Number of protein chains: 4
Amino acid sequence: MGGRALIQQVLLVDELQQWVEQYRSKASEGKCASYIPALYRTDPNQLGICIIEPTGKMHMAGDWEAPFTMQSISKVISFIAACCYHGIPYVLDRVDVEPTGDAFNSIIRLEMNKPGKPFNPMINAGAITTSSLLPGQTPDHKLRYLYAFFSKITGVTPTVNEEVFLSEWENSHRNRALAHYLKDTGYLACEVEDALEVYLTQCSIEVTTEQIALIGLILALDGFHPMRNEQVLPKDVVRLAKALMLTCGMYDASGKFAANVGLPAKSGVSGGIMTLVPPNRKPHSPLQDGCGIGIFGPSIDGCGNSVAGVSLLKHIAQEWDVSIF
Amino acid sequence: MGGRALIQQVLLVDELQQWVEQYRSKASEGKCASYIPALYRTDPNQLGICIIEPTGKMHMAGDWEAPFTMQSISKVISFIAACCYHGIPYVLDRVDVEPTGDAFNSIIRLEMNKPGKPFNPMINAGAITTSSLLPGQTPDHKLRYLYAFFSKITGVTPTVNEEVFLSEWENSHRNRALAHYLKDTGYLACEVEDALEVYLTQCSIEVTTEQIALIGLILALDGFHPMRNEQVLPKDVVRLAKALMLTCGMYDASGKFAANVGLPAKSGVSGGIMTLVPPNRKPHSPLQDGCGIGIFGPSIDGCGNSVAGVSLLKHIAQEWDVSIF
Amino acid sequence: MGGRALIQQVLLVDELQQWVEQYRSKASEGKCASYIPALYRTDPNQLGICIIEPTGKMHMAGDWEAPFTMQSISKVISFIAACCYHGIPYVLDRVDVEPTGDAFNSIIRLEMNKPGKPFNPMINAGAITTSSLLPGQTPDHKLRYLYAFFSKITGVTPTVNEEVFLSEWENSHRNRALAHYLKDTGYLACEVEDALEVYLTQCSIEVTTEQIALIGLILALDGFHPMRNEQVLPKDVVRLAKALMLTCGMYDASGKFAANVGLPAKSGVSGGIMTLVPPNRKPHSPLQDGCGIGIFGPSIDGCGNSVAGVSLLKHIAQEWDVSIF
Amino acid sequence: MGGRALIQQVLLVDELQQWVEQYRSKASEGKCASYIPALYRTDPNQLGICIIEPTGKMHMAGDWEAPFTMQSISKVISFIAACCYHGIPYVLDRVDVEPTGDAFNSIIRLEMNKPGKPFNPMINAGAITTSSLLPGQTPDHKLRYLYAFFSKITGVTPTVNEEVFLSEWENSHRNRALAHYLKDTGYLACEVEDALEVYLTQCSIEVTTEQIALIGLILALDGFHPMRNEQVLPKDVVRLAKALMLTCGMYDASGKFAANVGLPAKSGVSGGIMTLVPPNRKPHSPLQDGCGIGIFGPSIDGCGNSVAGVSLLKHIAQEWDVSIF
């Protein structure tokens, strides 16, 4: 690394730390997810970020080491996993890739649009369908397949936060409504309770910003793991996943996020955001070779996205010119 | 231009011509827009493409010179024009930027989502609102502003196809329903008939693939006109427009287009598609410096997009690796 | 009239006067229709009732002589008129007879339910359709037919309140939205502006509680005018109209009105309610030979029904046991 | 019974038998409910009717003795039972009494209308809520209360068709979706599986046309059992139930049934219809003292109503002038 680059990197972390402190107070504009008791007890004022570049270089600031559950961020992993096993066309026959403008847990379209195919795998209806498509006859088998996938990408065996899982399991009537509806219309590929066990377990996988930044980096590089020098995911599936993240990844604020930030991203109600910068080779950009970004800020807005996290990303996108548009 | 680049460019046109002939037959899977009589009489088997690079170099194939009306492609221009006049926040207070998953002429959300703000400027409800926001007390004034904008970008004074305009004017009851609804809820900034006159006139501006390719090129370069060496549009507005094109530009198939092609694009029911490749500097890509692309293929699918045009773009995206993801 | 009956009748008026004063204060729980300026200036504390028996005997109390515009009560007359001219099947091919549970000015179902046939003639979409079906090439002809109908029943030439008409004409964007939608889907039988002129004019016909009580009486007697000893309306059409009044006549509170009062009724946003008691021959009931009832109480609730009027009718239904159930 | 009345009664049965044969062939215009396998195997060409007068006199024709399961007819019983236990206001706080225009198993309104209160107890969402309100901590206790009610009215201990129950239990994903949604929004008063067990068990109670005619008779007489000379149900609850049957009892064809037949009725997907004629004392009517009517015709239309049964009732209503309007 040359002198100028070194200086740039030092400045980069300095700026990150400054911005994290600047946006931390945004937490007061939202609140922690209340429908899952275990999430509601989190300290809302946390904010952390981790950026990983293709060289493996990491930039961290704030509460970047705090563990949190993936929640909806896991939808990206299970979608990629299902596509790798069945092939893209098989999966897209069972779940569409259209944004909806509806809340993440909306059921209306399953009845309104015939034949009731879930609109995309980033909302709950589509994600539960995707989880049901994972290979294996039992929830354990399906999860084992998903865990292997997670390990292959992150190099880490996933840990499930059992308290969060149980809390969700007992408070998931809306998800059960969606799953039974999908079972009725034939889109669910296994039993309702099995699909929910898989789905809620994957939501309860505990990560840090570093892990989701690493996943983001591999997505940024079209499935290539730069530190292991290995293509760990197929390029066409990763491209599809990134398109879905951009159009549907931030719940019913996906359009605004695309407009304001311009990066493929997936958020979770625990306050995590996994996003990425594809290599853009703009000479002036500090992240021109691409990177993965992990964010954690548990206070969420009405759509389900981290208030402070979205503000921080908007700031970064403007300052460092990383939008894909 | 060096020898290798020259060869590449020759090959590029050869390939374009071959692919146009290959996908022309796709027209039979759709039909020309039937609700506007003047459009219905078009030869459905036309297919043309024009690509313009920052150097001004053009690559053309098929019916690239055939004139057609902009229809919904004009929504991009009027949105940019309104934002340039009022500033982005003023416009976004009156029209959101969220994709809907609904048909382009859907009215349901105006009643279902309180307070009935139109979801985005790429569907009819939002586009009529945008047209009403153009400066000027009369339709003529508003259109003059829009025409000046069009001329500034393309260097050409726009021509309106009066036959198409009249045909639409007489068959626009669904648009009138939307406009009256928006007037009732307070989102329309002028009289209903005035907004419709502006909107339907801008839809009837006649272009060729060359002109929309040029607009696309300027969008690809964030508002910079490379041949005139001038920033003709503000960068932030162009970025916003491109984000909207990606999430909402292809009607209720926007998600599939993002997944399959991965480029910001806007289609019209006349069969036009305006799209663009941002500079990506991928060494192997024949369009690494970015380009604008204009397509014309009047046979459209159920969502309102050119059947052959979408297929051709999907092919190009895969062969030349131009997806933004 | 024997002694016992005479006493009963005297008591009846005494009770009416007492109840009117009792429920007049209910006006404070609602407010006068605000979207029509001319209506909004009415004194909200008025409450009047007129009951007419088959013998012609009238019982009045409160502001029974105050004039008010029919508004939606006119939907019953135009529906009967259209059925008399075209026959019931022709009309029911163009407007259904199902209650909706939606607000009176809702447009959602026209798009959601294919093929978009209006659900019933008591909501705006269906009523505008019905007005368009009246015979005649111009609004004047259609209205002349309707007026003749009105005169035939009431013996009075209708007077239109021009101020209210103009006020509605200028504030009818929601109705225009409905009419254009219906024009687009083919259900409107004339031009949009003509249908609206007929519809808004019939809404502006000025009546008193006496006139709507007389219409109610004739409906109660299946179209028979007892004082003129003449069948003025066909029995099958009147029966159909009464069924519609019961299931759909009180906007989206029709179910509650059927449950609490149990009489066919039609309300208007001006605060009028036209209702009726079919002959029930219950020996203990003071209205056992049937009657028509007209109510006026301009303060309306969120559904559009007279607050004091509905309360008064609920009281009457319970005290005098006139429910049809 | 005098000579004239005797003759009338003989004619009445003659006519019934003739009409049953006439409308039996209507079965071909529908088909047996296919989503419950046990129902689908029924002979669709059955048609039976039983009419019971206050004197106890019965008129029967066709397959009146064939057993069938109550299905949605049971919704009337459970609603009455819940009201008797909790009082009407308590129940109406948890389920509204408005017709919807939607299919019986629709879920849209629970999300669209805030706060998601089920619209009426005659559609599945409202009926499952009502079943959850029955007193008792377990499904057995709730059912015991319901059975006692059924026995009190009919004098018969109810028999549950276990095959139908199991068939429904295994194919009730749509009902489970509704119940979980209601649990999520707080309207369900017990656990989801318990509410469904009660609801699906009550649907599987086996009856004949005679039993539902007897229930209908008691409803016609405002809760009075004429043969036992006892008020078995409270008058206000029965009145409310009859209003609900008229506005919401025939699924999304309730408006048409009210228009064409004009009687409070409740149908079930097994092909049963329970209806009634209130005493009308019209001298020319053969049923002027009121009656209960039970129908069975298992071939149902798209709304879920017996095709032949509805046609037969329409014929009877016209011939014998029994409409309540």
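How far apart are the mean positions of the positive and negative charges of chain A? In this predicted model, the mean positions of the 26 positive and 33 negative charges of chain A lie 5 Å apart. Lys and Arg count as positive and Asp and Glu as negative, while His and the chain ends are not counted; each charge is placed at NZ of Lys, CZ of Arg, CG of Asp or CD of Glu.

Residues are numbered from 1 along each chain as its sequence is written, and chains are lettered from A and ligands numbered from 1 in the order in which they are written. Local features need pLDDT of at least 70, side-chain atom pairs count only at pLDDT 80 or more, and totals for chains, interfaces and linings use all residues, while side-chain values use heavy atoms, with hydrogens and water left out.

Chain A contains 14 helices and ten strands (DSSP runs numbered from the N terminus, H or I of at least four residues for helices and E of at least two for strands). Its radius of gyration is 19 Å, close to the 20 Å that the globule rule gives for 325 residues, so chain A is as compact as a globular protein of that length. The radius is taken over C-alpha atoms, and the rule is 2.2 Å times the number of residues to the power 0.38. Of the 325 residues in chain A, 65% are buried (buried means under 20% relative accessible area, exposed over 50%, and partly exposed in between, with a 1.4 Å probe and protein chains only).

Chain A and chain B each contribute 35 residues to their contact (heavy atoms within 4.5 Å). Together the two chains bury about 2700 Å², with 58% of this on carbon and sulfur atoms; buried area is the accessible area (1.4 Å probe) that two parts lose on being put together, summed over both. B:Glu98, B:Arg239 and B:Phe325 supply 23% of the area that chain B buries against chain A, more than any other three residues.

D:Ile316 lies in helix 14 and is buried, with a relative accessible area of 1%. Not counting residues up to four places away in sequence, D:Ile316 touches D:Leu16, D:Trp19, D:Ile49 and D:Asp321. D:Trp19 is 297 residues from D:Ile316 along the chain, with their C-alpha atoms separated by 8.6 Å. D:Gly302 is located in the loop between strand 10 (291–296) and helix 14 (307–320), and counts as exposed at 86% relative accessibility.
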